[in-house]
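Colleague: I have just opened this one and have never looked at it before. Could you walk me through it?

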Amino acid sequence: PPRRSHISRAQFAAELTQCLVEFVVQLLPTQDELSIKEDVRKLLERLIRTIEPDSRLLSFGSTANGFSLRNSDMDLCCLIDSEDRLPATDLVNMLGDLFARETKFHIKPLPHARIPIVKLSLDPQPGLPYGIACDIGFENRLALENTRLLMCYAMIDPMRVRTLVLFLKVWCKRRKINSPYKGTLSSYGYVLLVIYFLVHVKNPPVLPNLQQIPPLRPISQDETHINGFNVWFFDDVNLLRQRWQSQNTESVAELLIDFFKFYSRDFAYNTGVASIRAGLLTKESKGWDNDPDKGTARERNRLCIEDPFETNFNVSRCVTRDGLYTIRGEFMRASRILAARPDRAFVALAQLCE
Ligand code: GTP
Ligand code: MG
């Protein structure tokens, strides 16, 4: 197509929005992939029940919250509804043996990890060009709840929230800033940054704060707490969509441009904590600042993102000084590319994900 000269801001945003939506749609998992994964879950659940009859195997993470891309891994959580269950370490070893005997998966039991898990993987094969990677953990009820919270946020405004989140997930993988083991941020961390931005930074907000909407009926402690943490949030999305309408009409592209701008230069990295539950908090108020008595606190808390439920937990604790420098550099690079407004929006998109 012929090159146009100066493209207006509004026209660029409209074109970029369309590009983003089209780009993300082709990265969604296929129906085949989803049904194969569901079959795998059922098979594994059936096997686990030969050892623990009262168990359930549930999906969490991206497979369950609407933020999954093609070939994303499967996060599974085993819940056992009985009093005298085996210790996780024993269970991991027994399941490792069982799966190795009964399935074609490669199995790696990690009974002594901080959170004991069994890792399974399947090599690529016809109909499954990327294989499958799957982790099974135990009794991780908080992860099931934060998955449900993210799913509810996605459902309030699927078009804007899912497009933004999915694009950022692809972007951070392509830019290689999505490895907690190497000092950068997990996918979960990036998703929380997006939600924080849409709830607390954008004015008017794109999303309401689901943890601050009062419940429709009184609820007891027992119903709201898991391991001492309050996991209550307003989860009746249908009702919410009838009663709450965002006053924010910005397009996906406008939000993305602003997201990169905000995290390049406006977020208070040195002193601030991004909390979905409570808005901007200070490191000081959480004891996450540079306290000499706490030794490595400063190194662990370069970037602070409070888990929505486990409020004493910094989701970005693995982000190192260098990692944060790289991530911020990437936010700035993205901002620059978008501010330059190339004549054609898909060029910007290609550059972003180079
Ligand atoms: P992809 O696997 O890249 O598609 O992303 P994902 O959305 O599955 O995210 P990720 O694999 O990083 O995390 C999966 C789930 O594990 C999240 O939805 C959370 O429920 C849980 N999780 C991951 N990291 C943390 C963490 O640091 N703290 C807590 N509490 N939960 C976590
Ligand atoms: Mg995952």
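Predicted model: local features only at pLDDT ≥ 70, side-chain atom pairs only at ≥ 80, totals over all residues.

Colleague: Okay, which domains is the chain divided into?

Modeller: The chain is divided into domain 1, covering 31-143, and domain 2, covering 145-352. The C-alpha centres of the two domains are 27 Å apart, and 13 residues of domain 1 are in contact with 21 residues of domain 2.

Colleague: Let's take the five-stranded sheet; what is the order of its strands?

Modeller: The order is 1-2-5-4-3 in an open sheet with mixed pairing. Its edge strands are strand 1 (55-60) and strand 3 (106-110), each of which pairs on one side only, and the twist from one strand to the next averages 20 degrees.

Colleague: And how do strand 3 and strand 4 pair, parallel or antiparallel?

Modeller: Strand 3 and strand 4 (residues 117-122) pair in the antiparallel sense, over five bridges. If you want a place to look, Pro-109 has Val-118 in strand 4 as its bridge partner.

Colleague: Which helix packs on the sheet and touches strand 1?

Modeller: Helix 2 (residues 31-51) does, and besides strand 1 it touches strand 2 (74-80), strand 4 and strand 5 (132-138), with its direction at about 155 degrees to that of strand 1. Helix 4 (residues 88-102) lies across strand 2, strand 3, strand 4 and strand 5, and runs at about 175 degrees to strand 3.

Colleague: Switching topic, what is the order in the sheet of three strands?

Modeller: That open sheet has the order 9-8-10, again with mixed pairing, and its edge strands, pairing on one side only, are strand 9 (279-282) and strand 10 (305-306). Strand 8 (residues 272-275) pairs with strand 10 in the parallel sense over two bridges, and Ser-275 has Glu-306 in strand 10 as its bridge partner.

Colleague: Now the helices; how is a packed pair described?

Modeller: Two packed helices are described by the angle between their axes and by the distance between those axes. For helix 1 (residues 9-25) and helix 10, the axes come within 7 Å and cross at roughly 95 degrees, which means that helix 1 is roughly perpendicular to helix 10.

Colleague: Which residues make that contact?

Modeller: On helix 1 they are Phe-12, Ala-13, Leu-16, Thr-17 and Leu-20, and on helix 10 they are Val-252, Ala-253, Glu-254, Leu-256 and Ile-257. By class, that contact between helix 1 and helix 10 has eight nonpolar residues, one polar and one charged.

Colleague: What about helix 10 and helix 13, at what angle do they cross?

Modeller: The axes of helix 10 (residues 252-266) and helix 13 (residues 321-339) cross at roughly 140 degrees and come within 8 Å, so the two helices are oblique to each other. Their crossing is left-handed, and the residues in contact include Phe-259, Phe-260 and Tyr-263 of helix 10 with Phe-331, Met-332 and Leu-338 of helix 13. By class, nine of the residues in this contact are nonpolar, two are polar and three are charged.

Technical notes:
Residues numbered from 1 in each chain as written. Chains lettered and ligands numbered in written order. Heavy atoms only, no water. Axes fitted to C-alpha atoms, helices over the stretch in contact; angles between N-to-C directions. Helix = DSSP H or I, 4+ residues; strand = E, 2+ residues; numbered from the N terminus. Parallel < 35°, antiparallel > 145°, perpendicular 65-115°, else oblique. Left-handed = near helix turned anticlockwise from the far one by under 90°. Contact = heavy atoms within 4.5 Å. Nonpolar A, V, L, I, M, F, W, Y, C, P; charged D, E, K, R; others polar. Pairing = 2+ DSSP bridges. Domains from an automatic or database assignment.
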